[in-house]
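Here is a short tour to read alongside the model on your screen. Take a moment to find your way around, and then follow the notes below.

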Amino acid sequence: MKEGVNSKLKLDCQSFLGENSAAVLDSSRIAIVGVGGGGSHIAQQLGHLGVGEFVLIDPDVVEDTNLNRLVGATQRDVSKGTAKASVAARVVASVNPCARIWVETTEWQMCAIALRSCDVIFGCVDAIGERQQLETAARRYLIPYVDIGMDVHRIGGEFSIGGQVALSMPGSSCLRCMGIIDDHVLELEAKQYGAAGSRPQVVWPNGLLASLAVGFFVQLFTPWRTTYLPSVLLEFDGEAQTVSPSNKLPYLAERNCPHFADISSLGDPFWTAQGLRRSAATAKD
Amino acid sequence: MRIVFKITKRLLEEVRARLSRPHPFAFERVGFLLCRAGLLQDGGVVVLSHGLHDVEDGDYLDDSAAGATMGPHAIRKALQAAYNQGVSMFHVHLHLHSGRPRFSGIDQEETAKFVPDFWNVQPDLPHGAIVLSQDSAFGKCWIPGRKAPVDISSFAVVGIPMRRL
């Protein structure tokens, strides 16, 4: 039986992902920002896959209204007020005790430096403005950003479920190119600031979208075919129970993203030599 | 100190293509990668490449002692680009073999002379030199405040699929 380099997982059943796939996955460092309905599924699946290092970020604690969808959370977590990120860490560690897990229970902007050395960032946050900020942070350090979004809308007298999974690769189309972020939506969201209320969320679309996001990750790092990733934007129709590549993709294929084209969109915005010396000294301490 | 060098797959392909063009008399071509930098949590540095600054055909010296020898105009134009754009500069050339490349003796001597000159125009930024093979890379980074260069710890190619060189 083959084992991951630093893992107790027996990964023979996924050896078709490549001879070195266990080592590649074990040496991967991923961040999940928002470990709620969608992010908790992603953490669980990446734990099973044998990903070695996790940065799990969520400022919220488990509430009783989360139990309809939060993978790994229990009634006991509700009564103890366990952090969602700690629940995800527990789920991952229960599968792979050798995983290196960093739990951050603050807003991601407060620990953004932890994201810089990640190989992939999964964004599982609701607000469009926050998703834009997160994608911008990922692009600064040339990190692929996988975004999942799900919505339940009331149309007429009935409800409709939809969602999408997008891979924002540095150098290629971004969420704005894909039409997920636009100024009109940002403006509407800004007007509703502070009055968002609770958004309807259910477990099965979350799980489905999270699985597709994990599929993007696997195709990026341990592709099992030589034809790579036919789509970077998948759309979910909850009524038809279908997932389809977005019909926007043919138009995006040959277009360079104009939104992160400038070199100033890379790296630390306020780099100084003093900052470098301070950072190196702090790291030694 | 950990130094991570990142380049998009698209830019790497472009670099390979532009440096592979035949030159009227030089045996190989060289260029400079325009880069920005970021601090890592462990005190390391991530170097993020963004574009290639070509050395123009007329700025090579006809010198059989090396595969490519840059003349003073080549260095001056690269210094000017670093100054104008506020960027780190990483000298780049190709070795046409597989496996991990190394700097030749001339590479080591010459880079040690001209790379620190970029601190005259961008004193706060790291600068360096890299050599690419068909499937790997090697490089050194000059960090502000340190005299000796540091080996680049890892090279990441950002694209589909993701690769480490």
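B:Asp57 sits in the loop between E3 and strand E4 (60-61) of chain B, where helices (H or I, at least four residues) and strands (E, at least two) are DSSP runs numbered from the N terminus. This is a predicted model, in which local features need pLDDT of at least 70 and side-chain atom pairs count only at pLDDT 80 or more, while totals for chains, interfaces and linings use all residues. Residues are numbered from 1 along each chain as its sequence is written, and chains are lettered from A and ligands numbered from 1 in the order in which they are written.

**Two spots in chain B**

- Is B:Asp57 buried or exposed? B:Asp57 is exposed, because 12 other C-beta atoms lie within 10 Å; the cut-offs are 20 or more for buried, 12 or fewer for exposed, and partly exposed in between, with C-beta atoms placed from the backbone.
- Leaving aside neighbours within four places in sequence, B:Asp57 is in contact with B:His23 and B:Pro24 (contact: C-beta atoms, placed from the backbone, within 7 Å).
- B:Pro22 is 35 residues from B:Asp57 along the chain, and their C-alpha atoms are separated by 10.0 Å.
- B:Ala112 belongs to helix H3 (residues 105-114) of chain B and is partly exposed, since it has 15 other C-beta atoms within 10 Å.

**Strand E6 of chain B**

- Six of the seven residues of strand E6 (residues 88-94) of chain B are buried, so this strand is mostly covered.
- E2(B) pairs with E6(B) in the antiparallel sense over six bridges (strands pair if DSSP finds at least two bridges between them), and B:Met89 in E6(B) is the bridge partner of B:Leu34.
- E6(B) also pairs with strand E7 (residues 127-132) of chain B, in the parallel sense over five bridges; here B:His91 stands opposite B:Ala129 in E7(B).

**Where the chains meet**

- How many residues of chain B are in contact with chain A? There are 28 of them, facing 32 residues of chain A.
- Strands E1 (3-8), E2 (30-39) and E3 (45-54) of chain B each supply at least two residues of the side that touches chain A.
- That side of chain B has 14 nonpolar, nine polar and five charged residues (Ala, Val, Leu, Ile, Met, Phe, Trp, Tyr, Cys and Pro count as nonpolar, Asp, Glu, Lys and Arg as charged, and the others, Gly among them, as polar).

**The sheet and helices of chain A**

- An open sheet of eight strands runs in the order E3-E2-E1-E4-E5-E6-E7-E8 (chain A), with mixed pairing.
- Its edge strands, each pairing on one side only, are E3 (100-104) and E8 (242-245) of chain A.
- Strand E1 (residues 29-33) of chain A pairs with strand E2 (residues 53-57) of chain A in the parallel sense over five bridges, and A:Ile30 stands opposite A:Phe54 in E2(A).
- Helix H2 (residues 39-49) of chain A and helix H4 (residues 84-95) of chain A pack at about 20°, with their axes 8 Å apart (axes are lines fitted to C-alpha atoms, for helices over the stretch in contact, and angles run from 0 to 180 degrees between N-to-C directions).
- That makes H2(A) roughly parallel to H4(A), a term for angles under 35 degrees.
- Residues that meet there include A:Ala43 and A:Gly47 in H2(A), and A:Val87 and A:Val91 in H4(A).

Methods. Two residues are in contact if their C-beta atoms, placed from the backbone, lie within 7 Å. Angles under 35 degrees count as roughly parallel, over 145 as roughly antiparallel, 65 to 115 as roughly perpendicular and the rest as oblique.
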